[in-house]
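The paragraphs below move from the overall layout to single residues.

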Amino acid sequence: MLKPIALAVGLILAPVAAFAEEQPVDPYVQSNANAGARPFEGEAMLKAFHGREGIGRIVDRMVDLNLADPRISDIFKNQDIERLRRTLKEQFCYILNGGCAYTGRTMKASHKDLGIQRTDFNALVENLQTAMDREGVPFRAQNRLLAKLAPQERDIVER
């Protein structure tokens with residue numbers, strides 16, 4: 001009788017445990033404006049990225065590629081990868097007009113003191129392109145998203 005109860009409690013707490021893996025951050029004002037770009041209009045871009053599920057696969061693949069990439073993997077050491085995955089999915093979903101709210105910090109605040117250089121930024125973009133290619137996102141749609149994200153370089157790269 002105790003096993004079913006323990007299993008039920010475990011199932012109820014499982015979603016909470018997934019969020020509990022994120023580390024606390026200093027307080028900040030949450031706003032979609034922190035996403036660093038305005039969303040596309042219409043549904044075409046969201047469809048090109050295969051909806052929220054496609055966005056999730058692209059972000060997970062990009063983060064995994066970044067963690068395995070010797071050019072930039074050190075940047076991600078000691079970072080909250082769970083939070084990174086969640087906020088990137090929110091950011092992409094918001095920008096691709098997927099009906100999501102972005103709850104992360106501004107690009108400048110979230111990249112402060114990481115020492116990111118232009119070559120690091122370029123490596124990350126290459127990994128994003130690889131993730132989008134593997135998801136089968138059309139080249140034109142990839143370029144449209146990259147054009148939206150490109151101005152963020154000035155808030156991310158430290159010279």
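This is a predicted model: local features need pLDDT of at least 70, side-chain atom pairs count only at pLDDT 80 or more; totals for chains, interfaces and linings use all residues.

Helices, as the word is used here, are DSSP runs of H or I with at least four residues, and they are numbered from the N terminus.

Let us begin with the chain as a whole. The chain contains nine helices and zero strands, and from the N terminus on its elements can be written as α-α-α-α-α-α-α-α-α. Of the 159 residues in the chain, 39% are buried. When contacts between residues at least 6 apart in sequence are considered, 78% of them join residues at least 24 apart.

How do particular helices pack against each other? Helix H3, which covers residues 51-68, packs with H7 at an angle of about 135°, and the axes of the two are 8 Å apart. On the H3 side the contact is made by Gly 54, Arg 57, Ile 58, Arg 61, Met 62, Leu 65 and Asn 66, which meet Leu 124, Asn 127, Leu 128, Thr 130, Ala 131, Met 132, Arg 134 and Glu 135 of H7. Sorted by class, the residues of this contact are seven nonpolar, four polar and four charged.

Helix H7 (residues 118-135) also packs with helix H8 (residues 139-149), here at an angle of about 150° and with axes 11 Å apart. Since angles over 145 degrees count as roughly antiparallel, H7 and H8 are therefore roughly antiparallel to each other. The crossing of H7 and H8 is right-handed. H7 contributes Val 125, Leu 128, Gln 129, Met 132 and Asp 133 to the contact, while H8 contributes Gln 142, Leu 145, Leu 146 and Leu 149. The residues in the contact of H7 with H8 comprise six nonpolar, two polar and one charged.

Thr 119 lies in helix H7, and because its relative accessibility is 60%, Thr 119 counts as exposed. Although Thr 119 and Ile 72 are 47 residues apart in sequence, their C-alpha atoms are 9.0 Å apart in space.

Once its neighbours within four places in sequence are left aside, Arg 85 is in contact with Val 59, Asp 60, Val 63, Asp 64 and Leu 67. Arg 105, for its part, is found in the loop between H5 and H6, and its relative accessible area of 26% makes Arg 105 partly exposed. Arg 105 and Val 29 are 76 residues apart in sequence, yet the distance from C-alpha to C-alpha is 7.7 Å. Not counting residues up to four places away in sequence, Arg 105 touches Tyr 28, Asn 34, Arg 83 and Ser 110.

Which residue does the UniProt annotation "binding site" cover? According to that unreviewed entry, the residue is His 111. His 111 belongs to helix H6, residues 107-111, and at 18% relative accessibility His 111 counts as buried. Apart from residues up to four places away in sequence, the residues that His 111 touches are Ile 116, Asp 155, Ile 156 and Glu 158.

Finally, we turn to the backbone angle phi. Most residues other than glycine have a negative phi. His 50, however, has a phi near 65°, which is a positive value in a residue other than glycine. His 50 lies in the loop between helix H2 (44-48) and H3, and with a relative accessible area of 34% His 50 is partly exposed. Asn 78, the residue with which we began, likewise has a positive phi, near 65°. At 81% relative accessibility, Asn 78 counts as exposed.

How values were computed: Residues are numbered from 1 along each chain as its sequence is written. Side-chain values use heavy atoms; hydrogens and water are left out. UniProt positions are given in the numbering used here, feature names are shortened, and annotations may be inferred rather than shown by experiment. Buried means under 20% relative accessible area, exposed over 50%, partly exposed in between (1.4 Å probe, protein chains only). Contact means heavy atoms within 4.5 Å. Axes are lines fitted to C-alpha atoms, for helices over the stretch in contact, and angles run from 0 to 180 degrees between N-to-C directions. Angles under 35 degrees count as roughly parallel, over 145 as roughly antiparallel, 65 to 115 as roughly perpendicular and the rest as oblique. A crossing is left-handed if the near helix is turned anticlockwise from the far one by less than a right angle, and right-handed if clockwise. Ala, Val, Leu, Ile, Met, Phe, Trp, Tyr, Cys and Pro count as nonpolar, Asp, Glu, Lys and Arg as charged, and the others, Gly among them, as polar.
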